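Please look over the sequence and the model below before reading on.

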Amino acid sequence: MAEALIGLQPSLVWKHFGAIAAIPRPSKHEAAIARYVHEVATQNSVEIRTDRVGNILLTLPASPGREGAPSVCMKGHMAMVCEKNSSSKHDFLKEGIHLQKDGDSIHATGTTLGADNGVGLAAMLALIEDKTLIHGPLEFLLTVDEETGLTVAKNLDATMVNSRILLNLDSEEEGALYIGSSGGRDTNAKWDLQVEDLPEKMQAFSIAIKGLKGGHSGLDIDKQRGNAIKILGRFLLEVEKLGVRLSSVSGGNKRNAIPREAIAYGYIPNSKWVEAQERFRKFTEQVKAEFHNADPGLQTEWMGEGLKKGKVFKRTLQKKLLRMIDAIPHGVIKMNHDIPGLVQTSTNFGVLNTGRKLITLSTAQRSSVATELNYASHSVASLLHLAGGEVETSAGYPGWNPNLKSPALQLVANTHEKIFHRRAEVKAIHAGLECGILVEKYPGIDMVSFGPTIHNAHSPDESVAIESVEKFWTLLREVISSYAAI
Ligand SMILES: [Zn+2]
């Protein structure tokens, strides 16, 4: 066992965590970790099934006399996110993770730790080995490739899981029970770029919006941060009246990130130059005041020198483009009424680009409610159609709509309260989880997600709180016992 883990409790879980951490396991390279799972399963006479993409299902028969208890499936993913510090020479394909103990937590040396989802995986293998536990029929679903997108989970064989109850062991906050996630879909459009010669007596300028916080298009969408494209568009629409002609407008670089920067190039009639600058100064004051709290780093920049002259957008196209930027919605569309603070439906206006021949833009909608996701996506599509765009909608991925009446939630929450003498927090996230795909695959499956406390997952600062692993294990064992008693 790795030195950092010696003496930690529960020893069975840490033993497997140490073994898992020693195995290189980036996404799409899960063969070695799958072999380890096979070994443990075989030693414990557990039945193993692997589907054609590599997802594994382990089946553990009930303890004698508990065959009639409800079957429960636990789920985790085998790969880990591989991120390292720029100074690290670590080779994720060849080397195991170097573990370190620092006070009350475990972390790696310059790399991600893989506690996401290594602890969940270790707990599953520990359950298989734990001969003192009385349990009903158990299944363990170990998926491949979760961390590079939800694609492979989609290929999961729909006949794999027999249980109607699923415990997803891939959450990062001890004391919280997750019961929902958002579905997502992209709505994109493009236009032919029509240009014409620049009229006489105009002077080149560029303006930029920068310094915004941006963030994740789901998790940060309720923070009321500025969208650089929308802010830029507002100003351009204002100075259009002065005869401004544009040659380029672009902003953002990811459909699922809130745009932090946007920049436009164009020309101002010589006679309106001073007025345009004055308006820009006022506009800057206005938006800085609007965002002084949510996005205090907002900066605007005006440049008027050293720019070459070229073509401009046709007037009708420019009109359309500016009105479209103005009209495309961005932000929260609806909050959830059951879980305080949870965004239910939102849209992110993520990217706008004017290239040489095309104008392209990307938006991303999210919702935990399938019909609302449809609605949000096609209402943005309608707008893009009205603006004459060629619209394309991605297939996306399904959401997991929170159900506060879920019997699994009640059982896990009651068990939590019985052991720890406090109510667990019930939460959902406005981002995609594999659970959404499982709900679609296994309609009506009753699901709860919980795990130990993992900080800074997906970054080289990832760490797991030692004490939370013991609590997670205690809760998991107790939940399995409770089901066995039904
Ligand atoms: Zn994970």
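Two residues are in contact if their C-beta atoms, placed from the backbone, lie within 7 Å. The model described here is a predicted one. Its chain contains eleven helices and 23 strands, and its assignment gives two domains, namely domain 1 (3-181 + 400-484) and domain 2 (184-393).

**Overall form**

- The C-alpha trace of the chain spans about 90 × 45 × 45 Å along its principal axes.
- Of the 486 residues in the chain, 45% are buried.
- Among contacts between residues at least 6 apart in sequence, 78% join residues at least 24 apart.

**Domains and their interface**

- Domain 1 is assigned in two segments, 3-181 and 400-484, whereas domain 2 is assigned as 184-393.
- Taken over C-alpha atoms, the centres of domain 1 and domain 2 are separated by 41 Å.
- Contact between the domains involves 13 residues of domain 1 and 14 residues of domain 2.
- On the side of domain 1 that touches domain 2, seven residues are nonpolar, five are polar and one is charged.

**Nonpolar cores**

- In soluble globular proteins, nonpolar side chains tend to be buried together.
- The largest nonpolar core in this model comprises 77 residues, and those with the most contacts inside it are Val13, Val72, Ala122, Ala123, Met124, Leu177 and Val448.
- Helix H3 (residues 115-129) supplies ten residues, the largest share of this core.
- Leaving aside neighbours within four places in sequence, Val448 is in contact with Leu167, Leu177, Ile179, Ser406, Ala408, Leu409 and Val412.
- A second, separate core holds 40 residues, including Leu232, Val239, Val312 and Ala381.

**Helix H7**

- Helix H7 (residues 315-327) has 13 residues, which at 1.5 Å a residue should span 18 Å; its end C-alpha atoms are 18 Å apart, in agreement with that expectation.
- Leu317, Gln318, Leu321, Leu322, Met324 and Ile325 are the buried residues of H7.
- Seen down the axis of H7, these buried residues fall within an arc of 160°, so they line one face of the helix.
- Thr316 and Asp326 are exposed residues on the face of H7 turned away from its buried side.

Key. Residues are numbered from 1 along each chain as its sequence is written. This is a predicted model: local features need pLDDT of at least 70, side-chain atom pairs count only at pLDDT 80 or more; totals for chains, interfaces and linings use all residues. A nonpolar core is a set of buried Ala, Val, Leu, Ile, Met, Phe, Trp, Tyr and Cys residues joined through C-beta atoms within 7 Å. A residue is buried if 20 or more other C-beta atoms lie within 10 Å of its own, exposed if 12 or fewer, and partly exposed in between; C-beta atoms are placed from the backbone. Helices (H or I, at least four residues) and strands (E, at least two) are DSSP runs, numbered from the N terminus. Domain bounds come from an automatic or database domain assignment. Ala, Val, Leu, Ile, Met, Phe, Trp, Tyr, Cys and Pro count as nonpolar, Asp, Glu, Lys and Arg as charged, and the others, Gly among them, as polar. The expected span of a helix is 1.5 Å times one less than its number of residues. The arc is that of the directions from the helix axis to the C-beta atoms.
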